[in-house]
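Have the view open as you read, and take the points in order.

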Amino acid sequence: MAHALRLAERGLYTTAPNPRVGCVLAHGDEIVGSGWHQRAGEAHAEVLALREAGGRAYGAIAYVTLEPCAHHGRTPPCADALIAAGVARVVVAIEDPFAEVAGRGIARLRDAGITVDIGLLREQAYELNRGFFSRIQRQRPWLRVKLAMSLDGRTALANGQSQWITGEAARTDVQRWRARSSAILTGSGTALADNPRLTVRLPDTTPFQAPLRVLLDTDLRVTTAIHLFDASVPTLVYHDATPAQLSTSAKAGRANIEYQQINRTHDGRLCLTAMLQDLAAREINELHVEAGPTLCGALIAANLVDELLLYIAPCLLGDSARPLLVLPELHAISDRSTWRTLEQRQFGPDIRLLLRPNS
């Protein structure tokens with residue numbers, strides 16, 4: 001199963017909106033077939049493993065990181081393929097929460113007389129597909145916020161200059177996190193101040209699907225003369241502008257740009273929950289956020305952040321520099337937001353923390 005999970009990881013940058021899945025067929029200690037799902041619409045991991053095994057699939061044990069599908073989607077049911085091949089036993093790491101599967105694949109295998117065991121390396125299988133499980137079970141993407149700060153908790157000089165606080169190795173690491181995401185989100189303030197591209201820059205030999213670029217621009221302040229509207233990658237703009245403002249922006253828009261209106265909350269900001277629900281409906285599994293202190297602070301204050309990537313550079317910017325986050329004032333220390341560290345790594349001179357909220 002560990003080998004099947006390593007195979008599944010190969011699809012980290014390419015399988016969305018499908019989950020990352022690996023499969024290994026074995027007779028005892030001998031592996032006779034293996035496969036991993038590469039792209040939506042292409043063969044699933046089980047089918048590729050069966051093709052490699054050929055006749056040796058008969059009587060084998062299949063180790064699958066996610067419950068085999070039991071419905072006709074873009075491809076035929078994998079449960080039927082395993083039954084037809086005559087496997088003797090199927091070991092499943094974790095059940096598939098998708099409504100058209102959700103136990104049906106396991107039931108179909110058992111009805112055919114195949115022994116099915118569930119739960120081997122369950123946590124690792126869940127971790128690999130947190131975004132998929134989040135979209136299906138919570139109807140919102142797994143939300144990751146990336147921040148970079150100095151030792152004194154600052155992100156940019158008072159004049160807005162921030163390139164570059166961190167070094168090249170840390171910035172390369174960010175590209176990998178972008179690549180595994182289904183969409184990258186920023187706000188209008190960052191778009192106007194930094195003019196980011198929000199594209200993935202990895203070596204040409206690394207396959208990936210370009211994430212959707214998402215811009216929160218309540219009153220459509222951002223003109224199309226910025227990199228986010230260069231049409232190289234689709235951009236989705238959430239707003240609550242007047243019809244006249246929208247008409248002006250749409251006329252000036254370019255190809256690959258979509259405008260989606262969502263309502264404001266009582267504080268005049270766009271409803272972040274509504275945005276996440278809409279992104280889930282668009283099959284966005286993992287949402288990567290690179291934005292300013294106001295938007296990132298609002299996401300954290302609303303308890304919508306599932307994961308925090310915090311890069312710490314060994315430098316000092318001074319108390320006039322811009323803060324990491326804008327958060328509501330606390331009146332008791334017991335009200336503070338606490339996080340747990342899952343991972344700490346060094347990239348050149350910089351440290352990267354991977355954190356998740358305690359509650």
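1. A word on terms to begin with: a helix axis is a line fitted to C-alpha atoms over the stretch in contact, and the angle between two axes runs from 0 to 180 degrees between N-to-C directions. Please keep in mind that this is a predicted model.

2. Let's start with helix 3 and helix 4 (residues 104–111), whose axes are 9 Å apart and which pack at an angle of about 20°. Angles under 35 degrees count as roughly parallel, so helix 3 is roughly parallel to helix 4. The crossing of this pair is right-handed. Helix 3 contributes Ala-79, Asp-80, Leu-82 and Ile-83 to the contact, and helix 4 contributes Gly-105, Arg-108 and Leu-109. Sorted by class, these residues are four nonpolar, one polar and two charged.

3. How do helix 2 and helix 3 cross, left-handed or right-handed? Their crossing is left-handed. The axes of helix 2 (residues 45–53) and helix 3 (residues 78–85) come within 9 Å and cross at roughly 25°, so these two helices are also roughly parallel to each other. On the helix 2 side the contact is made by Glu-46, Val-47 and Leu-50, and on the helix 3 side by Cys-78, Ala-81, Leu-82 and Ala-85. Here the classes are six nonpolar, no polar and one charged.

4. Now zoom out to the domains. The protein is divided into domain 1 (1–128) and domain 2 (139–357), with C-alpha centres 35 Å apart.

5. Finally, the domain interface: 12 residues of domain 1 are in contact with 13 residues of domain 2. Together the two domains bury about 980 Å² between them, with 41% of that area on carbon and sulfur atoms.

Notes. Residues are numbered from 1 along each chain as its sequence is written. This is a predicted model: local features need pLDDT of at least 70, side-chain atom pairs count only at pLDDT 80 or more; totals for chains, interfaces and linings use all residues. Side-chain values use heavy atoms; hydrogens and water are left out. Helices (H or I, at least four residues) and strands (E, at least two) are DSSP runs, numbered from the N terminus. Angles under 35 degrees count as roughly parallel, over 145 as roughly antiparallel, 65 to 115 as roughly perpendicular and the rest as oblique. A crossing is left-handed if the near helix is turned anticlockwise from the far one by less than a right angle, and right-handed if clockwise. Contact means heavy atoms within 4.5 Å. Ala, Val, Leu, Ile, Met, Phe, Trp, Tyr, Cys and Pro count as nonpolar, Asp, Glu, Lys and Arg as charged, and the others, Gly among them, as polar. Domain bounds come from an automatic or database domain assignment. Buried area is the accessible area (1.4 Å probe) that two parts lose on being put together, summed over both.
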